[in-house]
Amino acid sequence: ESGQTKKTSLKKKNKTLYNIIILICVCVIIYSLYNIIVWAIENKKNNDLLADVQNIAGITHEEVVVNDQPIVKANYDFTELLNRNPRTVGWVYVPNTKIDYPVVQAEDNDYYLNHSFNNTENSAGWVFADSSCDVRNSQNVVIYGHNRKDRSMFGSLRNVQDDEWLSDSSNHYITFANLDGTGIYKIFSVFVANDEHVNSYLETDFTSDEAFKAYLRKIKNTSYQKFDTDIENTEKIITLYTCYGANNQRLLVFAAKVL
């Protein structure tokens, strides 16, 4: 009888443990489903918002030639965008990606990690300029965006690593407009940096022309892809920055102003 009692007790314990495991699994599934639903809803909100702001931006196009390369240059009317969000400071477009966004800027680099263009909370955030930059005057304007799985924000920046994308030289020309007008920038460096070293590549202002040129050479020499961009005569660059991979790395794309 004692042995039977022990067996009964053991069965009860096993059943209790089994029920606890089932409960934990159900909770995990519910939590995961909740996060997936929230992720999808927030993505849709931002995608709808993007379509709206693209419609009110008064975008016009003209064809220009840069280094014998025909480029479609976009021009933007920021009037209504500034009415919607006074923190609007520009617009960035990268050919054959989903990157076609108004750029905003806050007093710090945290706010737009989890706020959208209309300043509502959203885990997708928005595309924003480094708070330390003077977007009109800094020699290097650093622009951040989340690496979203649906390729929104800077999720499609990874295209710069594809041979097919790289083989089309027209893709190398990035449009970046600030409130003074539109500039065309040509990619000159692409690489992945570890989080602990990334800040050494994010200088925005320089003490002299030679210091700026030395910085450009360092950046170009770090690139794992060679570009024929002339950096010796450039006065301004932009840096596109996003998370990369599972090891807390960062994908950096640098482009020099050519028009």
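This is a predicted model: local features need pLDDT of at least 70, side-chain atom pairs count only at pLDDT 80 or more; totals for chains, interfaces and linings use all residues.
Is Tyr201 buried or exposed? Tyr201 is buried, with a relative accessible area of 17%, which falls under the 20% cut-off for that class.

## Strand E10 and its partners

Strand E10 covers residues 249-257, and seven of these nine residues are buried, so the strand is largely enclosed by the rest of the structure. One of its partners is strand E8 (residues 181-194), which runs antiparallel to E10 and is joined to it by nine bridges. Within this pairing, Val190 has Val253 of E10 as its bridge partner.

Strand E9 (residues 237-244) also pairs with E10, again in the antiparallel sense, over eight bridges. Here Phe254 of E10 is the bridge partner of Thr239. E9 and E10 form a hairpin with four residues between the strands, and Gly245 in this hairpin takes a positive phi near 70 degrees.

## Strand E9 and the parallel pairing

Six of the eight residues of E9 are buried, so this strand too is largely enclosed by the rest of the structure. Besides its pairing with E10, E9 is joined to strand E6 (residues 140-144) by five bridges, and these two strands run parallel. In this pairing Val141 stands opposite Ile238 of E9.

In a regular strand the side chains alternate between the two faces of the sheet.

## Aromatic pairs

The count of aromatic pairs comes to 13. In one of them, the ring centres of Phe176 and Tyr185 are 6.2 Å apart and the planes lie at 65 degrees, so the pair is edge-to-face; the cut-off for that class is over 60 degrees. Phe176 and Tyr185 are both buried.

The rings of Phe191 and Tyr201 have centres 4.8 Å apart and planes at 65 degrees, so this pair is edge-to-face as well. Phe191 belongs to strand E8, whereas Tyr201 lies in the loop between E8 and helix H4 (209-222), so the contact ties together parts that are ten residues apart in sequence. Phe191 is buried, with a relative accessible area of 3%, and Tyr201 is buried at 17%.

## The cluster and a charge over a ring

Phe191 and Tyr201 belong to one aromatic cluster together with Phe188 and Phe254. Phe254 is also the residue of E10 that has Thr239 as its bridge partner.

A contact of another kind involves Arg87 and Tyr111. Arg87 lies over the face of Tyr111, at 4.8 Å from the ring centre.

Technical notes
Residues are numbered from 1 along each chain as its sequence is written. Side-chain values use heavy atoms; hydrogens and water are left out. Buried means under 20% relative accessible area, exposed over 50%, partly exposed in between (1.4 Å probe, protein chains only). Two strands pair if DSSP finds at least two bridges between them. Rings of Phe, Tyr and Trp (its six-membered ring) pair if their centres lie within 6.5 Å; planes under 30 degrees apart count as stacked, over 60 as edge-to-face and the rest as tilted. A charge sits over a ring if NZ of Lys or CZ of Arg is within 6 Å of the ring centre and within 35 degrees of the ring normal.
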